[in-house]
Amino acid sequence: MFKKQNNMTVMDFTGIYENEKFYKHKNIRWLDLHELQGVYGYCSQEARGTIEAKISNLSPEGIHFIDSGNFHYVSEFWIEK
């Protein structure tokens, strides 16, 4: 069902991780979500569909960094998988 993949996924909505070092020199999956509209605090149906499509082939296992608490709803998308 899911391909065996990295255990760390960074979901970058705001650029918050660009100055961090915890992921440097690691094999991670980076999802650039800067351009999405309707995602700050609450998620529009259109944005939800886009996010779910981006994670559809990814394993729910591992660590998922989902930016700030303003994107807390993304946890539900991973749990549903």
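View 1. Helices (H or I, at least four residues) and strands (E, at least two) are DSSP runs, numbered from the N terminus. This is a predicted model, in which local features need pLDDT of at least 70 and side-chain atom pairs count only at pLDDT 80 or more, while totals for chains, interfaces and linings use all residues. Residues are numbered from 1 along each chain as its sequence is written, and side-chain values use heavy atoms, leaving out hydrogens and water.

View 2. In α1, which runs over residues 45-55, the buried residues are Ala47, Ile51 and Ile55. Because they cover an arc of only 65° around the axis, taken from the directions from the helix axis to the C-beta atoms, these residues lie on the same side of α1. The face turned away from that buried side carries Gln45, Glu46 and Ala53, which are exposed, meaning over 50% relative accessible area.

**View 3. The fold as a whole.** The protein has two helices and three strands, and these follow the pattern β-β-α-β-α along the sequence. Of its 81 residues, 35% count as buried, and the C-alpha trace spans about 35 × 35 × 20 Å along its principal axes.

How values were computed:
Buried < 20%, exposed > 50% of the residue type's maximum accessible area, 1.4 Å probe, protein only.
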